[in-house]
Amino acid sequence: MYEKFQSFLQKELTGIEEAGLFKRERIIVSPQGAEIKINTGAEVLNFCANNYLGLSNNAKLVAAAKKALDSHGYGMSSVRFICGTSDLHKELEKKIAEFFGMEDTILYAACFDANGGVFEPLLGEEDAIISDSLNHASIIDGVRLCKAVRYRYANADMEDLEKQLQAAQAQRFRLIVTDGVFSMDGNVAPLDKIYELANKYDAMIMVDESHSAGVVGRTGRGVTELYNLKGKIEIITGTLGKAFGGAIGGFTTGKKEVIDMLRQRSRPYLFSNSIPPLVASAGIKMVEMMSETNELQDKLHENTAYFVEKMLAAGFDIKPTQSAICAVMLYDAKLSQEMAAKLLNEGIYVIGFYYPVVPKDKARIRVQISAAHERAHLDKCVAAFTKVGKELGVLKSGGCGCCS
Ligand SMILES: *Cc1c(COP(=O)(O)O)cnc(C)c1O
């Protein structure tokens, strides 16, 4: 049997390769950070990590993780409800709930699991889920596992959302679901307007703050902070794998009864291991640090504004961003690949994104800014982009010429 299957897989893989869609992984041999070393020996500046606050190799988090290794050992060898709950898990859940102004939190191995396990236990076939068309793959998969009637609205399009809410009036409960920050464009969900529509059409809201937690809002509480809606949204999901230390883990935080029900019925929680105590310990430290100071958020916001300003002045076409994601638009898939490769030669590690990750003819390089970046890093990145951009003829003519 395997021979037939093997040749089938080989053909499929060749097809992916021929379409120019084959993903290759670069290998990093240093800790994650602004400056990284890859296995070719090259040292490059990293502009494509979700390491928004520069915490991936933060000394205090590493120390907190080491301390828990000594006090709590390596693994839990259990799901939460059997013997996989430590005092550190409970403390982290409490801290995350406080951070977002919510009532309780449930931890998962990843936000992919949080989203995969949030809909099916809460909603049934009498209910409706109204979902943004650009929501993360894990939300799409989670919605698929749930029997609720599905409605979809165009990305951040409030007229369309209103239409879908009208169409969903016959259902018992309505839940609007949106990413906080959309990862390809860097735009935020218009949560103020979503909130108004939810009130008008009697719906609840769930926001996935994976790219916005730690990043958006003055103190990094996410899109709910940006729109002054702290504590007013029913459900927030998020990850510990991005700004929050970058290791592993996800969470759902929200109303008490919602979290209570998820602990009883959410399948990725009931049937999958709990996160290692060392990750919970570092997570606790992370929330404490974020509650003490805004230093990292401030630096991230300054860095992002600086980078966007310099790139616009250099003549690049940048999507308006409200996060730490800057989409440098190139439109052509091959061009985005070529540009990323040339930038790596200049010591800048970025990735080109093209169909099917973004719409056809909307290829781009996504630059992710971090609080770990210093001015010199940002300047080097802009200079490299400008050099390569000139070579490839992608700068807007009439670029000011003073920035090269
Ligand atoms: C990254 C991301 C996830 C997945 O998070 P993991 O913890 O890595 O599984 C889920 N939702 C959104 C919006 C994301 O950006």
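Thr-252 is buried, with a relative accessible area of 0%. This comes from a predicted model. Thr-252 belongs to strand β9.

**Aromatic rings**

The structure holds 10 aromatic pairs. One of them joins Phe-100 to Phe-244 and is tilted, with 6.4 Å centre to centre and 50° between the planes. This pair links distant parts of the chain. Phe-100 sits in helix α3 (residues 87-100). Phe-244 sits in the loop between β8 (235-239) and β9 (250-254). The two residues are 144 residues apart. Both Phe-100 and Phe-244 are buried.

Phe-244 also pairs with Phe-251. Here the rings are stacked, at 6.4 Å centre to centre and 15° between the planes. The angle counts as stacked because it is under 30 degrees. Phe-244 has a relative accessible area of 6%, so it counts as buried, the limit being under 20%. Phe-251 is buried too, with a relative accessible area of 0%. Phe-99, Phe-100, Phe-244 and Phe-251 form one aromatic cluster.

Charged side chains also lie over rings. Arg-26 lies over the face of Tyr-349, at 4.6 Å from the ring centre.

**The ligand**

Which residues are closest to the ligand? Of the 13 residues that surround it, the closest are Cys-111, Asp-208, His-211, Thr-239 and Lys-242.

| Residue | Protein atom | Ligand atom | Distance |
|---|---|---|---|
| Cys-111 | backbone N or O | oxygen | 2.8 Å |
| Asp-208 | polar side-chain atom | nitrogen | 2.6 Å |
| Lys-242 | side-chain N or O | oxygen | 2.6 Å |

The protein covers 83% of the 380 Å² of accessible area that the ligand has on its own. Helix α4 (residues 111-116) gives the most to the shell around the ligand, with three residues. By type, the shell divides into three nonpolar, seven polar and three charged residues.

**Backbone exceptions**

Most residues other than glycine have a negative phi, and most peptide bonds are trans. The following places depart from that pattern.

The peptide bond from Tyr-355 to Pro-356 is cis, with omega near 10°. Pro-356 is found in the loop between β12 (351-353) and β13 (363-368).

Is Asp-361 buried or exposed? Asp-361 is exposed, with a relative accessible area of 62%.

Tyr-331 has a positive phi of about 75°, although it is not a glycine. Tyr-331 lies in strand β10 (residues 325-331). With a relative accessible area of 37%, Tyr-331 is partly exposed.

Methods
Residues are numbered from 1 along each chain as its sequence is written. This is a predicted model: local features need pLDDT of at least 70, side-chain atom pairs count only at pLDDT 80 or more; totals for chains, interfaces and linings use all residues. Side-chain values use heavy atoms; hydrogens and water are left out. Rings of Phe, Tyr and Trp (its six-membered ring) pair if their centres lie within 6.5 Å; planes under 30 degrees apart count as stacked, over 60 as edge-to-face and the rest as tilted. Helices (H or I, at least four residues) and strands (E, at least two) are DSSP runs, numbered from the N terminus. Buried means under 20% relative accessible area, exposed over 50%, partly exposed in between (1.4 Å probe, protein chains only). A charge sits over a ring if NZ of Lys or CZ of Arg is within 6 Å of the ring centre and within 35 degrees of the ring normal. A residue is near a molecule or strand if one of its heavy atoms lies within 4 Å of it. A polar contact is a pair of N or O atoms within 3.5 Å; within protein, one must be able to donate a hydrogen and the other to accept it, and residues adjacent in sequence count only if both atoms are side-chain atoms. Accessible areas come from the Shrake-Rupley method with a 1.4 Å probe; for residues, only the protein chains shown count as cover. Ala, Val, Leu, Ile, Met, Phe, Trp, Tyr, Cys and Pro count as nonpolar, Asp, Glu, Lys and Arg as charged, and the others, Gly among them, as polar.
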